[in-house]
Amino acid sequence: MALFDQILGAISNPNQQGSPDQIGGILNMVQQVAQNQGVDPGTTSTVMSVVGSYVRSSLQEQRAAGGNDRVESLVNQYGGTTPSVAALQALFSPAQQGQLSQAIAQKTGLNADTIQSLLPVLVPIALNFLKSGASNTDPGSGSTGSNSVLSSFLDADGDGDVDLGDTLSMAGRYLNH
């Protein structure tokens, strides 16, 4: 899986932000959010897959409109482990947020209102995961292609090998979470 390979590369590269602690923190946060809502791990993976797909589409649109600098800036600004309505609004219009909630509800059977309340938590987590490939030496540089994980996530050829839910699951197994 190309995205997971990029994550492993970022973890092993001291010049990139990725670390076992960062990835472990993301995994713990996703698990905590799921447990608080009574969502099982398999459903959580599906939720993150759908969120990742929508985040990817939004970031690709942002890149087409404003270039790589704009996308890297969004990821750096809004990627985190605390809830952020601003992150959600930066990527999705209210209509898109509703579509995302409905898509997750259809795939998981979860209540769309519950999903809507989780999005301000899950979107920053997804963006934080993408920050793992950013450079440690000059994280604000925004130079084209400086974030290998983000580039891999955005440039996938649509063959299904970029699935955030699967990637998080693989990272969890790798880190024994």
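Predicted model: local features only at pLDDT ≥ 70, side-chain atom pairs only at ≥ 80, totals over all residues.
Me: How does the lining of the largest cavity divide into nonpolar, polar and charged?
Reply: Nine residues are nonpolar, one is polar and none is charged.

Me: What is the volume of the largest pocket, and which residues lie nearest its centre?
Reply: The volume of the largest pocket is about 330 Å³. Its lining has 17 residues, and Val30, Gln31, Pro41, Thr44 and Ser169 lie nearest the centre. α2, α3 and α8 (164-174) each give two or more residues to this lining. By class, the pocket lining has seven nonpolar, eight polar and two charged residues.

Me: Now the helices. At what angle do α3 and α5 cross?
Reply: Take the axes and the angle together. The axes of α3 and α5 (residues 94-108) come within 9 Å and cross at roughly 150 degrees. Angles over 145 degrees count as roughly antiparallel, so α3 and α5 are roughly antiparallel to each other. The crossing of α3 past α5 is right-handed.

Me: Which residues make that contact?
Reply: α3 brings Thr43, Thr46, Val47, Val50, Val51, Tyr54 and Glu61. α5 brings Gln96, Gln99, Leu100, Ala103, Ile104, Lys107 and Thr108. The contact of α3 with α5 has seven nonpolar, five polar and two charged residues.

Me: How does α3 pack on α7, oblique or roughly perpendicular?
Reply: The angle between α3 and α7 (residues 148-155) is about 125 degrees, with the axes 9 Å apart. That angle makes α3 oblique to α7. α3 passes α7 in a left-handed crossing.

Me: Which residues of α3 and α7 meet?
Reply: On α3, look at Gly52, Val55, Arg56, Leu59, Gln60, Arg63, Val71, Glu72 and Val75. They meet Leu150, Phe153, Leu154 and Asp155 of α7. By class, the contact of α3 with α7 has seven nonpolar, two polar and four charged residues.

How values were computed
Residues numbered from 1 in each chain as written. Heavy atoms only, no water. Nonpolar A, V, L, I, M, F, W, Y, C, P; charged D, E, K, R; others polar. Axes fitted to C-alpha atoms, helices over the stretch in contact; angles between N-to-C directions. Helix = DSSP H or I, 4+ residues; strand = E, 2+ residues; numbered from the N terminus. Parallel < 35°, antiparallel > 145°, perpendicular 65-115°, else oblique. Left-handed = near helix turned anticlockwise from the far one by under 90°. Contact = heavy atoms within 4.5 Å. 1 Å grid on protein atoms, 1.4 Å probe; cavity = no way out; pocket = protein on both sides within 12 Å on 5 of 7 lines; lining within 4 Å. Points joined across faces, edges and corners; volume = space filled by probe spheres on them.
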